[in-house]
Amino acid sequence: MVDLSLVTDLSRAWIAPAFIFAIVALGLNLQWGHAGLFNAGVAGFFGIGAYIGAIFTTPAIGPGPGGPGHLGLVSLFAIFTPYTVLIAFLVGGIAAMVVSGLVGLLIAIPTLRLRADYLAIATLALGAIAVESIRNSDPVTGGVYGILRIPRPWEFGQDVWRTELAYAITAGVIVLLVFFLIQRATRAPWGRALKAIREDEDAALALGKNTYFLKLQAFVIGAALMGGAGALFAGLLRVAVPDSFTPALTFSIWTMVIVGGSGNNKGVIVGAFALTFLEYFTLRAKDWFNLSSFWDIRIFYLRLIAIGLLLIALILFRPAGLVPEPRKVTKKPWILFGSR
Amino acid sequence: MVVQFLFNGLVQASIVILGAIGINLLYGVKKFANFAHGDMMTLGAYFTFVFLGGTRDLMTAAIWAVFVVALAGVVQEVLIYARLENRGPVAPLVASIGVSLVMQNSLTTYFGPAFLSYGIRYPDNWVFFGGAVSTNPIRDLVPMAVAASATTATVVLLKYTKLGKAMRATADNRDLARVSGVNTRVVYWMTWILAGVLASLSGSVLGVSIGTLAPSMGATLLLTMFAAVIVGGIGSTTGAILGSLVVGLSQSLFFLVSLVSGLDPRWQIAVPFALLVATLLVKPTGLVGRPIGGEIRPLRTEIAEMLKGIRRGLF
Amino acid sequence: MLLLEVDGVSKSFGGIRAVDKCTLEVEAGSIVGLIGPNGAGKSTLFNLVIGTYSPDVGRIVFRDERIDGMPPYEIVERGLAKTFQIPREFRSLTVLENVMVSARGEPGESPVLSLLGLRRVWRREEELERKSRDLLALIGLSELADEPARNLSGGQKKLLELARVLVMDPSLILLDEPVAGVNPTLSLKILSLIEDLRKSGKTFFLIEHDMNVVFNRCDRVIVMHQGRVIAEGKPAEVRAHPAVLESYLGG
Ligand SMILES: Nc1ncnc2c1ncn2[C@@H]1O[C@H](COP(=O)(O)OP(=O)(O)OP(=O)(O)O)[C@@H](O)[C@H]1O
Ligand SMILES: [Mg+2]
């Protein structure tokens, strides 16, 4: 009998988060890698999604911290069907995507007509405000206590490893789906037009592209993906607390995209796995290496220093990322619909 | 009470002003938004703490810290930003995020995440106007005095010295400045030094004003500073000053309103964000700024285009 | 028939009046040359016509429809196209993709349609690729079709500019110094290509500093100086115009 606690641990702390961050990274890659739109508020969109997902699914547990205000779709669907959690989970995920996408739309409308760094500043602000609003809206979000006992599909009771593995696989399947769709859209003329905008927006404009609308599309779709990933993340942790969505998260997603090669969809998934492993490593290092308590506290900060150095080094020496994007953008996909 | 709140707003603005002018200078001359600017302030605050151990005098310690942060600025320029010269506004911005991570977490690793303190014994408050304004000479007046004098010095420097003219020429048109004999490399270094000096001062002053130091103290002000810069108008020092005043005063005004209306005062943090978004919506060039990078088309047109795109089924 | 009318158009940048109450016309099916000293406002005028800038005052009419103030993509949709004086290629796209991305009204440029992967979308795309490769063959860049555009030489980039506007199939083509920096044999080829296209019904409005080109190839010539039109007419008339001699041709 193999030791299944390792499966549990790997699924919960590396594989599943890596898949979830891969979705975020794919969304950011769409915005930045393909369309050249800087988003410094990734954690904000992710957090909004997490809370929307949690609010939709989690049953209300009465007054007190983490209590009122939840829609509790789980209990609502229980009346109709045995697949309550799954349905609530799907609805919550879609709601998370819609709300994050809308927030993205609202921030993008005034800023996308300005120079690139206005979007950076506005999204930075949005990220900070989103988390702060979550922290301050106690009746809806549970304030600093957050939302607890968030349900997720596929629970196997005592078999914790099964539960965790199932969730990791779910996330993996979603990553595959997202990857397939994004790959398809970015290798179509749409992706080509986005890249033209990234390379030289004024030229694309003068050649007759509706650059504003194209950028808006990329930004909103990216934001929606981040929101959906957030809902998955809330299910993974089973709690949503404001402190999970700090700017450090944004920057590590950034590093994933840059490591993977911005514009390269496969690469950023690899980047997500690599960077999440770094996080997993810092989390477990104390068990593996007998760290003193001094370093045990500080290894988290060392990880962030490493990410910072990596970011600088990549920007300086490998701006195209470790895995550069393919030379030719468009590629004919399998034809799904239509004939002749 | 209104007067008191306006006064508090001025105190808030004085700390923001020093950072905002630095961000603005870097944006003008180096053409990028420095996301590590808050952490340069933190660096100043912490080095003031370090030197305080040796000198036992806050003023001397703060001056020593100024040298360190200015040096840190030049080092960044040489090692990183000089190599990103022709890479557009986003590459240096991303690099500055890396710098921010390195600075903030190096400080945390070394000093630990807990609060530190300069150990100042604050004297009793002074009272003016028959009790209308009550203020602490160290906590409130020192920041205002430092901000006022440093801002004046900077404005004079920019306006009347050869260096200031060279900086403005470089900000206007780098290539033109180069052909007309300005040594832009020196200008870049001096800009970093100036921004570093101001950041360090505002960090020390922030430490004096709130009484404690934390590794994230500067970073949390970053948003407020950017809001100030944008509200005032990117690229204009007057704008940065005006913007800081607007943001600082609105924040304390909001506090007053929240007291009266029962609104949760924690939403104060949303004030700079709201001002920022409002500026971008209504007048992206800010109060006194000039447009940067091409023509900005009115929002109305852009939204109409979006709707037209949707109607045509482009989506 | 008048294709393009520019009527009293002005544009200032800060203190500079780049274009100053400019009035001119372009006949359908002609080749019209625009000349003038450096900084005369020629490129700015083109940018106004294509919608990159909107005029401070004045009207721009294309095919009896006012186009001033429209966004560039609407103007392009109506059949106008412009090349850049200094080539603005999309550096990391291939040469072929640079041409393809410039085509108008590709259905695959909608994310939804491209996701659905409709057969008709990709048939359009295949057609476009064929057309783009033909154009590249025409200007002699076939070998480089799959190279990133940043690897092209300066002259080759000018050719790419040309291919990018031709793929849009416009009726009025604004060319900003199309043969500057292109070697003589090739520029002859480009000029005869322009001649051929004109015969097939296209109209050209081009900026050029080479007087031989202007006076031999154009049906009409317009001269700008300090943002104003100072002369216009048949090449021979313009050549003899006193104001032109004084301000431009240098006596
Ligand atoms: N975006 C701009 N901002 C400020 N000034 C501009 C801008 N575009 C053009 N100008 C100014 O307008 C004037 C006309 O420039 P324009 O490029 O139209 O000249 P041109 O006739 O095309 O010259 P050349 O033959 O050198 O290409 C110049 O003085 C130029 O500096
Ligand atoms: Mg020109």
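Which elements of chain B have the lowest and the highest mean pLDDT?

**View 1. Confidence along chain B of the predicted model.** Helix 12 (residues 299-311) of chain B has the lowest mean pLDDT among the chain's elements, at 75. Helix 3 (residues 58-79) of chain B has the highest, at 95. For chain B as a whole, the mean pLDDT is 88. Of its residues, 97% reach 70 or more.

**View 2. The magnesium ion (ligand 2) and its protein donors in chain C.** Two side-chain atoms coordinate the ion: OG of C:Ser43 and OE1 of C:Gln85. The distances are 1.9 to 2.1 Å. The pair joins distant parts of the chain, 42 residues apart. C:Ser43 belongs to helix 1 (residues 42-50) of chain C. C:Gln85 sits in the loop between strand 6 (80-82) and helix 3 (95-100) of chain C. C:Ser43 has a relative accessibility of 23%, so it counts as partly exposed. C:Gln85 has a relative accessible area of 31%, so it is partly exposed.

**View 3. Packing of helix 5 (residues 119-139) of chain C against helix 6 (residues 154-166) of chain C.** The two helices pack at an angle of about 145°. Their axes are 10 Å apart. The crossing is right-handed.

**View 4. Residues at the contact of helix 5 of chain C with helix 6 of chain C.** Helix 5 of chain C contributes C:Leu135, C:Leu136 and C:Ile139. From helix 6 of chain C come C:Leu159, C:Leu160, C:Ala163 and C:Leu166. The contact residues divide into 7 nonpolar, no polar and no charged.

Technical notes: Residues are numbered from 1 along each chain as its sequence is written. Chains are lettered from A and ligands numbered from 1 in the order in which they are written. This is a predicted model: local features need pLDDT of at least 70, side-chain atom pairs count only at pLDDT 80 or more; totals for chains, interfaces and linings use all residues. Side-chain values use heavy atoms; hydrogens and water are left out. Donors are N, O and S atoms within 2.8 Å of the metal (3.2 Å for Na, K and Ca); water is not among the atoms, so sites may look incomplete. Helices (H or I, at least four residues) and strands (E, at least two) are DSSP runs, numbered from the N terminus. Buried means under 20% relative accessible area, exposed over 50%, partly exposed in between (1.4 Å probe, protein chains only). pLDDT is the predictor's confidence in each residue, from 0 to 100. Axes are lines fitted to C-alpha atoms, for helices over the stretch in contact, and angles run from 0 to 180 degrees between N-to-C directions. A crossing is left-handed if the near helix is turned anticlockwise from the far one by less than a right angle, and right-handed if clockwise. Contact means heavy atoms within 4.5 Å. Ala, Val, Leu, Ile, Met, Phe, Trp, Tyr, Cys and Pro count as nonpolar, Asp, Glu, Lys and Arg as charged, and the others, Gly among them, as polar.
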